[in-house]
Amino acid sequence: MNLVECHGLSKTYGSIRALDNAELALESGRIIGLAGPNGSGKTTLIKILNGLICPDSGSAAIDGHEPDKYTRSIVSYLPDRDYFADWMKIRDMMDIFSDFYADFDRAKAEELCKTLELNPDMRIKTLSKGTREKMQLMLVMSRKARLYVLDEPLAGVDPAAREFILRTILTNYNENGSVFISTHLISDVEQVLDEVVFLKEGRVVLHRNADDLREETGRSIDECFRDMFRYDAWKEN
Amino acid sequence: MDFHIRDARPIWQQLSEQLKLRIVTGYYAPGSRFPAVRELAAEAGVNPNTMQRSLTQLESEGLLITNRTVGRTVTTDEATLNAIRSALARKETGEYLEAMGRLGYSRKECAEMITEGEEQ
């Protein structure tokens with residue numbers, strides 16, 4: 001059974017079609033990149049997987065379950081914006097995660113704080129944007145989840161920190177789990193990906209093994225992306 | 001010797017080339033135990049499945065031996081190591097001659113320059 005299965009997912013906001021019959025199947029033990037231009041439906045897809053919004057039609061299932069209490073216990077989610085009460089300390093967030101998630105590994109969280117140079121006694125209010133992202137990542141990667149869903153984890157951090165964050169993801173994800181990571185910064189993530197999914201106008205227009213795509217096209221994933229979205233090559237007819 | 005992902009070719013190919021170089025130059029000694037996939041993947045900053053694919057390639061070329069009891073080791077077979085070493089050398093030479101050809105140098109002139117370089 002696939003870890004994630006989406007069939008005919010559609011979602012409209014007023015007159016905007018955020019998702020249009022999207023099909024997606026993800027296996028376990030993979031790192032999958034989700035790429036698409038602004039407004040292509042990445043965050044909508046991710047929010048559906050996390051049960052934050054409901055699709056208008058179609059189905060989404062994780063480990064055979066529609067997004068519910070069970071799926072939330074096996075999915076570790078990093079949203080595209082932070083949601084912290086900023087008077088709290090990093091340690092308070094660790095306490096909250098310990099209470100909420102049975103798979104939260106406190107010792108790992110402490111260890112990641114050291115690696116990412118986060119002081120648990122710091123107040124969230126005083127953290128820079130990049131440091132907040134590191135804190136979020138520390139919390140999310142400290143869970144032993146089946147699926148990590150990371151929505152733009154690199155957006156606010158400098159290039160040196162990006163590499164560091166990617167390494168943190170690579171060395172900390174649960175080997176039997178999968179990582180689904182959305183990003184605009186394809187050239188930064190391409191070497192950690194098994195597979196790549198391109199989303200365009202709410203549809204999955206490509207889902208391939210990353211190295212096979214490089215071999216076949218003789219281009220990097222980043223170049224493939226630029227080509228596809230520059231020339232509109234995938235527009236029907 | 002750091003791993004570098006330089007171009008658009010498949011990453012596993014670039015990794016297996018660089019691992020090959022490490023093996024024939026003795027960075028990993030013949031007969032020694034080869035590092036674990038996850039360890040190498042972390043070092044190179046790549047996906048473990050990608051690293052696995054490049055090791056499978058080295059196994060099929062006979063550079064790495066997988067043994068049930070001791071895990072993966074570097075081959076002790078001199079003939080295999082020498083064959084790979086000379087294949088790498090030929091490839092480097094080919095690339096050098098091609099670059100010099102673009103600059104308008106004949107092979108004879110290249111040979112002269114190399115001898116000159118050695119004498120200096």
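Let's start at one spot: Asp63(A) sits in the loop between strand 4 and helix 2 (69-74) of chain A. When I say helix or strand, I mean DSSP runs, H or I of at least four residues for helices and E of at least two for strands, numbered from the N terminus.

Before going on, a word on what we are looking at. This is a predicted model, where local features need pLDDT of at least 70 and side-chain atom pairs count only at pLDDT 80 or more, while totals for chains, interfaces and linings use all residues. Residues are numbered from 1 along each chain as its sequence is written, and chains are lettered from A and ligands numbered from 1 in the order in which they are written.

What is phi of Asp63(A) near? The value is near 50°, which is positive, in a residue other than glycine. For background, most residues other than glycine have a negative phi.

Glu201(A) has a positive phi, near 45°, and is not a glycine. Look for Glu201(A) between strand 8 (195-200) and strand 9 of chain A, in the loop. Glu201(A) has 16 C-beta neighbours inside 10 Å, so Glu201(A) counts as partly exposed.

Now let's turn to the sheets of chain A. Here, two strands pair if DSSP finds at least two bridges between them. One open sheet has 3 strands in the order 2-1-4, with antiparallel pairing. Strand 2 (16-26) and strand 4 (57-62) of chain A are at the edges with a single partner strand each, so one side of each has no neighbour in the sheet. On average, neighbouring strands of this sheet are turned by 25° against each other, direction ignored. Angles in this talk run from 0 to 180 degrees between N-to-C directions, and axes are lines fitted to C-alpha atoms, for helices over the stretch in contact. Strand 1 (residues 4-13) of chain A pairs with strand 4 of chain A over 5 bridges, in the antiparallel sense. If you want a pair to find on screen, Cys6(A) has Ala60(A) in strand 4 of chain A as its bridge partner.

The other open sheet has 6 strands, in the order 5-6-7-3-8-9 of chain A, and its pairing is mixed. Strand 5 (75-78) and strand 9 (203-209) of chain A are the edge strands, each pairing on one side only. From one strand to the next, the twist averages 15°. Strand 5 of chain A runs parallel to strand 6 (residues 147-151) of chain A, and 4 bridges join them. Within strand 6 of chain A, Leu150(A) stands opposite Leu78(A). Helix 5 of chain A packs on this sheet, touching strand 5 and strand 6 of chain A, and its direction makes about 175° with that of strand 5 of chain A. Contact here means C-beta atoms, placed from the backbone, within 7 Å.

Helix 5 has a helical partner too. Helix 5 (residues 129-141) and helix 6 (residues 159-172) of chain A pack at about 5°, with axes 11 Å apart. That makes helix 5 of chain A roughly parallel to helix 6 of chain A; angles under 35 degrees count as roughly parallel, over 145 as roughly antiparallel, 65 to 115 as roughly perpendicular and the rest as oblique. Helix 5 of chain A brings Gly130(A), Leu137(A) and Met141(A) to the contact, while the residues from helix 6 of chain A include Ala161(A) and Ile165(A). By class, this contact has 5 nonpolar, 3 polar and no charged residues. Ala, Val, Leu, Ile, Met, Phe, Trp, Tyr, Cys and Pro count as nonpolar, Asp, Glu, Lys and Arg as charged, and the others, Gly among them, as polar.

How many residues does each chain give to the contact of chain A with chain B? Chain A gives 17 residues and chain B gives 13 residues. Helix 6 of chain A gives the most to the side of chain A that touches chain B, with 5 residues. That side divides into 5 nonpolar, 4 polar and 8 charged residues.

Finally, chain B. Strand 1 (residues 64-67) and strand 2 (residues 71-74) of chain B run antiparallel, joined by 4 bridges. These strands of chain B form a hairpin with 3 residues between them.

Terms used. Contact = placed C-beta atoms within 7 Å. Buried ≥ 20, exposed ≤ 12 C-beta atoms within 10 Å, placed from the backbone.
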